[in-house]
Amino acid sequence: MGGLIIGLFLIAWILLAAYVFTHKKEILTAVTSQLNEDLSGKLTINRMEPSLIRGFPGISVALEDVLLRDSLWSIHKHDLLKAKNVYVAINAFSILSGSIKIRDIELKDAEIYLLTDSSGLRNTEIFKKKKPSENKEGLSEKINRVHLKDVKFTIDDQQKHKLFKFSIINLKGEIDHEMGGWKGHVKALTQVDFFAFNIKRGSFLKGKLLDLNFKMTYSDETGQLTIPMQEIRINKDQLLIGGNLNFSSEKSDYRIEIHAPFILFKDAKSLLSSHIISKLKPYDVAKPLDVRAVLAGNFKQKGDPLIKVDFKANDNTLSSLGESITECSFTGVYTNELVKGEGRKDPNSVISFYNMVGKFYDIPFKADSIQITDLRNPVFTGKFKSGFQLVKLNKIFGGNTFQFSEGTADLDLVYKAPFNQLDSGRRYIYGNINVKGGAAAYNPRNLKFKDIKMLMNFKGEDLFLENLRVKSGTTTLAMEAVLKNFSNFYYTDPQKILIDWKVKSPNVNLNEFMSFLGKRKQGSNPVGKRFTGNLDKMLAEASMVMELEVDRLTYKNFQGRDLRSNITLKQSGILINRMSIKQGGGSMDIKGSIDQSGSVNRFNVNSRINNVNVQNLFYAFDNFGQDAITDKNLRGTFFGNASVSGSMLPSGKIVPRSLNGKVSFDIRNGSLLNFEPMYKIGNFAFPNRDFSNITFMNLKNTLSISKDKVSIPPMEIRSSVLNIYLSGVYSFGKGTDIAMRIPLRNPRRDELITDIDEKRERSLRGIVINLRAEDGEDGKVKIRLGKKSDKAGE
């Protein structure tokens, strides 16, 4: 019996196939009519051939060169469908009834282009139904299976600036019609050529290969297509995707959810639009993340959909602009709509990190919240806490600036600034850094500090260094400083920072700070160059104004007390704006500058000296770089003014032949002890007078210094052993030439005369010896008889 049925079926199928072969023209007309039934455009088919084996046990026909155009094709020039081959499966019995029913369609080597032009005209209007008869089924109810192979599928909405393009390698879809809607199953392998909700902002998933096997349902009542969360493979990554898409006339909203529980950041980033990728370009995360994303919008509205991306990292490495945070855990959110209703664009976008913990160059930290807002001009805001050993900073500084050996730091800061360090926008820092028990070497000046204590108090744009205590050698310093506009200039122009220092100390030994007279050493680039490069530049080039109060100051032989000074330190050198100090029973006031831009230090000094013990003065200043007359030869009280320039080596020694200027002096109640040139004069002319201790009431003049020579204007020396009238040049090298007139009259004979002119006249009575002091062949000064024509002291 079964064989009989099969035989009858085969006979019927053969007869039906014969009918198809013999009635190709009629069937082509019927198929074309069937397909055109619900179209308001034009469908043309060039040729039809039966494909019996493909459709067995049903009947299939192969359509060639199928072209579908809407009525407005002449305006937009886009074919809705252009297919090389279309295979149509036909209900076999519908052929005999004369009303052909199409159940399956296969497109091969085809292009589908759904267009909405800028004025809102759609070529999909071709699918508007004409009023069907009550007995006829709509097209959507007739087709059960769709197969696409090598099909280019495009949705081009020029009015909403949306564009979706796919290269479908293979797609098989099944539709199960039921009351109130249908259920579908799609299995596809397709490449995404372009997937843009806003063309200007680029494509999502560009160039990605999608391998999907989806089930979905559609409701006629709501017009909503529901896709439950299902697996999809995008390139090599396995993801879950689902969503709701509404195609009703009243609503056209959509919501797509994506979950990637284990995806690398670079792979997740590549799924996003080129515009978002550009914003995330500075970042990288080493290990996979758990990422959830939602895209929600409206098909009928312009602009971007709402994008919200949640991500989570655990024990990961976060990198940005060459810096890395290790052992990093956090949760994060990206959204393109921070404030609802303010638009879904960069200015209203934000990247947020929460409960971040990690290590920056092995320094542990916590950040309750970090936000990067306004991705057009990104602004970074974060709250950070950390406690660490100062030695951990050495990895950042790389020994270039500071090398720490002891101490701790506690950090609690809020930082708000442009994310791009080259951005000139305002920067703000609030909070403090507390340093205790520190010890460090400052390598550019070869200085060592210990017992460092400091509170760095950040107040918006300004930095206050409070309660700073430090020791270096035998020097103890108590300091405070204000760095106005620190947070802005530090990142953009650190050399513009002005550091206002207030320094107090019971004792300062300048011998321990001689490195400041030399050029600052340059080290190698530190590992944390982004952060420390500006610090090094600030310390090298920023200007510092220092208000000094020092109880006791030591420099080589110099001993002073109660120093009060205002000094400016610049990249080019040192300015002494004001300095006063007590020394040798008197006081000194100094102004000047040291130019450190050359191989030696050029200096200019203007000083006033009041009531200073002359012996202490000469001793303190190392006899002013000469050995003709020293502190061992002088006694008395010194008053004077000096305006001198010269050159100084980094060691502090005066460069020979570099001095120029004028020195005015007034030595009162002075004496000259064991001064060899006077010994020679005494031995030559006055063997019976005591030249070992020559006293004088007042000695003053203004000397001009040029290189190694001192010009002595005519001056009178009234002493206890003789009066001398002299003028000439004294040289620290060669070139001494001093003319002297020495009356033989003993000055003690005129001690009771008070009138100066009378005393001078009396002193010149009698024999006057003319002498000349000149260089001898051995380089020592020799005294010889001069001539009457040699004018001295006149």
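Reader: What joins the side chains of Asp 346 and His 275?
Author: A polar contact is a pair of N or O atoms within 3.5 Å; within protein, one must be able to donate a hydrogen and the other to accept it, and residues adjacent in sequence count only if both atoms are side-chain atoms. Asp 346 and His 275 have such a contact between their side chains, at 2.6 Å. This is a predicted model, in which local features need pLDDT of at least 70 and side-chain atom pairs count only at pLDDT 80 or more, while totals for chains, interfaces and linings use all residues. Residues are numbered from 1 along each chain as its sequence is written, and side-chain values use heavy atoms, with hydrogens and water left out.

Reader: Where does Asp 346 lie, and is Asp 346 buried or exposed?
Author: Strands are DSSP runs (E, at least two residues), numbered from the N terminus. Asp 346 sits in the loop that runs between strand 15 (323-335) and strand 16 (350-360). Asp 346 counts as buried because its relative accessible area is 8% (buried means under 20%, exposed over 50%, partly exposed in between, with a 1.4 Å probe and protein chains only).

Reader: Which residues are in contact with Asp 346?
Author: Contact means heavy atoms within 4.5 Å. With neighbours within four places in sequence left aside, Asp 346 is in contact with Arg 201, His 275, Lys 279, Asp 374, Leu 375 and Arg 376. The side chain of Arg 201 also makes a polar contact with that of Asp 346, at 3.4 Å.

Reader: Where is Arg 201 placed, and why is Arg 201 called buried?
Author: Arg 201 belongs to the loop between strand 7 (181-196) and strand 8 (209-219). Arg 201 is called buried because its relative accessible area is 15%. Residues up to four places away in sequence aside, Arg 201 touches Ser 273, Ser 274, His 275, Asp 304, Lys 345 and Asp 346.

Reader: How many cavities of 30 Å³ or more does a search of the whole structure find?
Author: Rolling a probe the size of a water molecule over the atoms shows where empty space is left. A cavity is a set of points, on a 1 Å grid over the protein atoms alone, where a 1.4 Å probe fits but cannot get out; lining residues have an atom within 4 Å of a point. The search finds one cavity of 30 Å³ or more. The largest cavity holds about 110 Å³ of space, a volume being the space filled by probe spheres set on the points, which are joined across faces, edges and corners.

Reader: What is to be noted about phi of Leu 205?
Author: Phi of Leu 205 is positive, near 55°, in a residue other than glycine. Leu 205 lies in the loop between strand 7 and strand 8. Leu 205 is buried because its relative accessible area is 18%. Lys 707 also has a positive phi, near 60°, but lies in strand 33 (residues 693-707). Lys 707 counts as partly exposed because its relative accessibility is 44%.

Reader: How many bridges join strand 27 to strand 28?
Author: Two strands pair if DSSP finds at least two bridges between them. Strand 27 (residues 558-570) and strand 28 (residues 573-583) run antiparallel and are joined by eight bridges. Two residues stand between these strands in a hairpin, and Lys 570 has Gly 573 as its bridge partner in strand 28.

Reader: What do strand 28 and strand 29 form?
Author: They form a hairpin with two residues between them, and Gly 584 in the turn has a positive phi of about 60°. Nine bridges pair strand 28 with strand 29 (residues 586-595) in the antiparallel sense.

Definitions and conventions
On a 1 Å grid over the protein atoms alone, a cavity is a set of points where a 1.4 Å probe fits but cannot get out, and a pocket is an open set with protein on both sides within 12 Å along at least five of seven lines; lining residues have an atom within 4 Å of a point. Helices (H or I, at least four residues) and strands (E, at least two) are DSSP runs, numbered from the N terminus.
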